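Here's a quick briefing to read alongside the model. Keep the viewer open and follow along.

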Amino acid sequence: HDRELLTLHMSIETITPNKFAIIVEDIVRKKRCNYIDAIVIYCTENQIDPSTTKSMINKQLKEKIAYEAQKLNLMKEKVAKLPI
């Protein structure tokens with residue numbers, strides 16, 4: 001069991017922010033969900049605490065999440081809209 005957890009922990013560290021963004025984008029497309037939900041889905045499927053993904057989120061993904069959060073009224077400050 002400990003070896004399984006170590007393997008999971010090591011695999012999360014080997015995913016680069018750019019690769020993580022690609023994985024999240026793929027989940028968004030396949031499951032037709034938003035970015036926040038896609039990250040939660042990824043974490044659930046891989047038994048990862050979502051709070052550990054902070055270092056894996058690159059600038060582009062962060063901007064998309066911020067825009068989405070603003071649309072859902074989850075943020076106090078308004079962010080510039082992305083040219084999508």
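Which residues does Val-24 touch, not counting residues up to four places away in sequence? Val-24 touches Tyr-35, Ala-38, Ile-39 and Leu-61, where a contact means heavy atoms within 4.5 Å.

Before going on, note that this is a predicted model, in which local features need pLDDT of at least 70 and side-chain atom pairs count only at pLDDT 80 or more, while totals for chains, interfaces and linings use all residues. Residues are numbered from 1 along each chain as its sequence is written, and side-chain values use heavy atoms, with hydrogens and water left out.

**Core**

- The largest nonpolar core has 16 residues; such a core is a set of buried Ala, Val, Leu, Ile, Met, Phe, Trp, Tyr and Cys residues joined through side-chain atoms within 4.5 Å.
- Helix 2, helix 3 and helix 4 are the elements that give two or more residues to this core; helices here are DSSP runs (H or I, at least four residues), numbered from the N terminus.
- Val-24 is among the residues with the most contacts inside the core, and so are Phe-20 and Leu-61.

**Helix 2 against helix 3**

- Helix 2 (residues 17–31) and helix 3 (residues 35–45) pack at about 105 degrees, with their axes 9 Å apart; axes are lines fitted to C-alpha atoms over the stretch in contact, and angles run from 0 to 180 degrees between N-to-C directions.
- That makes the two helices roughly perpendicular to each other, a label that covers 65 to 115 degrees.
- On the helix 2 side, the residues that meet helix 3 include Ile-23, Ile-27 and Lys-31, and the helix 3 side includes Ile-41 and Glu-45.
- By class, this contact has 10 nonpolar, no polar and three charged residues (Ala, Val, Leu, Ile, Met, Phe, Trp, Tyr, Cys and Pro count as nonpolar, Asp, Glu, Lys and Arg as charged, and the others, Gly among them, as polar).

**Loop residues**

- Thr-53 sits in the loop between helix 3 and helix 4 (59–71), yet it is buried, with a relative accessible area of 3% (buried is under 20%, exposed over 50%, partly exposed in between, with a 1.4 Å probe and protein chains only).
- A polar atom of the Thr-53 side chain lies 2.7 Å from the backbone oxygen of Pro-50.
- Not counting residues up to four places away in sequence, Thr-53 touches Phe-20, Ile-39 and Cys-43.
- Arg-32, in the loop between helix 2 and helix 3, has a positive phi of about 50 degrees although it is not a glycine, and Arg-32 is exposed at 78% relative accessible area.
- Gln-47 also has a positive phi of about 50 degrees without being a glycine; Gln-47 is found in the loop between helix 3 and helix 4 and counts as exposed at 62%.

Note on methods:
Parallel < 35°, antiparallel > 145°, perpendicular 65-115°, else oblique. Polar contact = N/O pair within 3.5 Å; in protein donor to acceptor, adjacent residues only side chain to side chain.
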